[in-house]
Amino acid sequence: TVAILAQAARSPRTVMAVGKNKRLTKGKKGGKKKVGDPFLKKEWYDVKAPTPFLVRSVGKTLVTKSQGKKLASDGLRGRVCEINLADLMGGDEDHAHRKIRLSIEDIQGRNCLTDFHGMELTRDKLCSVIKKWHTLIEGWTDVRTTDGYTVRMFAIAFTKKQDNAVSSNVYAQASQVRLIRKRMVEVMNAEAGKVALRDLVKNLIAESIGKEIEKRGKKIYPLQNVFVRKV
């Protein structure tokens, strides 16, 4: 008996009984899941811009279809879309240096109705106006509009070289910078605090606030490239 067992141990191939190991005949546990097209569960909605903008239909957005208690409108409400102002103004390239953010507030059928959410200068425009040998002046303030919205506004301005200047640099003194910043805040509070949000958007598009800051600030020091940088 010992000799038979030793011979079986030395044997290069061991034959197993069929049916003992049930996992040999099966595939991997769980198997592969069938991957369906995820876009079959999605649907498209049109994004509509508010009235201050010339182009009302600005694009489309994608959302998962309503299923049970999970509604498609819940996934859309509060979504923020970023659009270039030139596209909203009918392709006018004069407005291409601004980005507008619109927040989806309501859904009617397949249309998403939006409201103004924010505004910002594009990075390339901001980089093009920043120059050496000039003083950069920034100011910000929180303003409450007449219809109850609180907006935080940032303004930016640069000193301007006069025609008869001899010096290569145009640096403003610290006291002048403080005065200009104070004027910035005064103008933003005055211009934004007396109008509703939609009228404020019109003023931002027309850049009237930046022009008023430049007009008031040049009495202290000549200014150029004055913008409301961000809202």
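Visitor: How many helices and strands does the protein chain have, and what share of its residues counts as buried?

Guide: The model is a predicted one, and its protein chain has 7 helices and 8 strands. Of the 231 residues in the chain, 34% count as buried. If you consider the contacts with a separation of 6 or more, residues 24 or more positions apart account for 58% of them.

Visitor: Which residues touch the most other members in the largest nonpolar core?

Guide: In soluble globular proteins, nonpolar side chains tend to be buried together. Here the largest nonpolar core has 47 residues, and those that touch the most other members are Phe53, Met153, Leu200, Leu204 and Ile209. Helix α5, which covers residues 174-193, gives the largest share of this core, with 6 residues. Another core lies apart from it and has 5 residues, including Val129, Ile156, Phe158 and Phe227.

Visitor: What does leucine 200 touch, when residues up to four places away in sequence are not counted?

Guide: With those neighbours set aside, leucine 200 touches Thr145, Val151, Met153, Ala192, Val195 and Ile209.

Visitor: How should I read two packed helices, and at what angle do the axes of α6 and α7 cross?

Guide: Two packed helices are described by the angle between their axes and the distance between the axes. In this structure, the axes of helix α6 (residues 197-206) and helix α7 (residues 208-217) cross at roughly 65° and come within 5 Å. On the α6 side the residues are Leu200, Asn203, Leu204 and Ala206, and they meet Ser208, Ile209 and Lys211 in α7. Sorted by class, this contact of α6 with α7 has 4 nonpolar, 2 polar and 1 charged residues.

Visitor: Where is glutamate 207, and is it buried or partly exposed?

Guide: Glutamate 207 has its place in the loop between α6 and α7, and it counts as partly exposed because its relative accessible area is 22%. Its phi is near 60°, which is a positive value in a residue other than glycine. Tryptophan 133 also has a positive phi, near 70°, and is found in the loop between α4 (123-129) and β6 (136-144). Tryptophan 133 has 43% relative accessibility, so it counts as partly exposed.

Visitor: Why does arginine 229 count as buried?

Guide: The word buried is used for a relative accessible area under 20%, and arginine 229 counts as buried because its relative accessibility is 18%. Arginine 229 lies in strand β8, which covers residues 223-230. Leaving aside neighbours within four places in sequence, arginine 229 is in contact with Met119, Glu120, Leu121, Leu126, Glu138, Phe154, Ala155 and Ile156.

Visitor: Which strand holds histidine 117, and what does this residue touch?

Guide: Histidine 117 lies in strand β5 (residues 111-121), and at 44% relative accessibility it counts as partly exposed. When residues up to four places away in sequence are not counted, histidine 117 touches Val80, Arg101, Leu102 and Ser103. Histidine 117 and isoleucine 100 are 17 residues apart in sequence, while in space they are 7.7 Å apart, C-alpha to C-alpha.

Visitor: How many aromatic pairs does the structure hold, and which residue lies over the face of tyrosine 45?

Guide: A pair of aromatic rings is described by the distance of the centres and the angle of the planes. This structure holds 1 aromatic pair. As for the face of tyrosine 45, arginine 110 lies over it, at 5.3 Å from the ring centre.

Note on methods:
Residues numbered from 1 in each chain as written. Predicted model: local features only at pLDDT ≥ 70, side-chain atom pairs only at ≥ 80, totals over all residues. Heavy atoms only, no water. Phe/Tyr/Trp six-rings, centres within 6.5 Å; stacked < 30°, edge-to-face > 60°. Lys NZ or Arg CZ within 6 Å of the ring centre and 35° of its normal. Core = buried A, V, L, I, M, F, W, Y, C linked by side-chain atoms within 4.5 Å. Buried < 20%, exposed > 50% of the residue type's maximum accessible area, 1.4 Å probe, protein only. Helix = DSSP H or I, 4+ residues; strand = E, 2+ residues; numbered from the N terminus. Contact = heavy atoms within 4.5 Å. Axes fitted to C-alpha atoms, helices over the stretch in contact; angles between N-to-C directions. Nonpolar A, V, L, I, M, F, W, Y, C, P; charged D, E, K, R; others polar.
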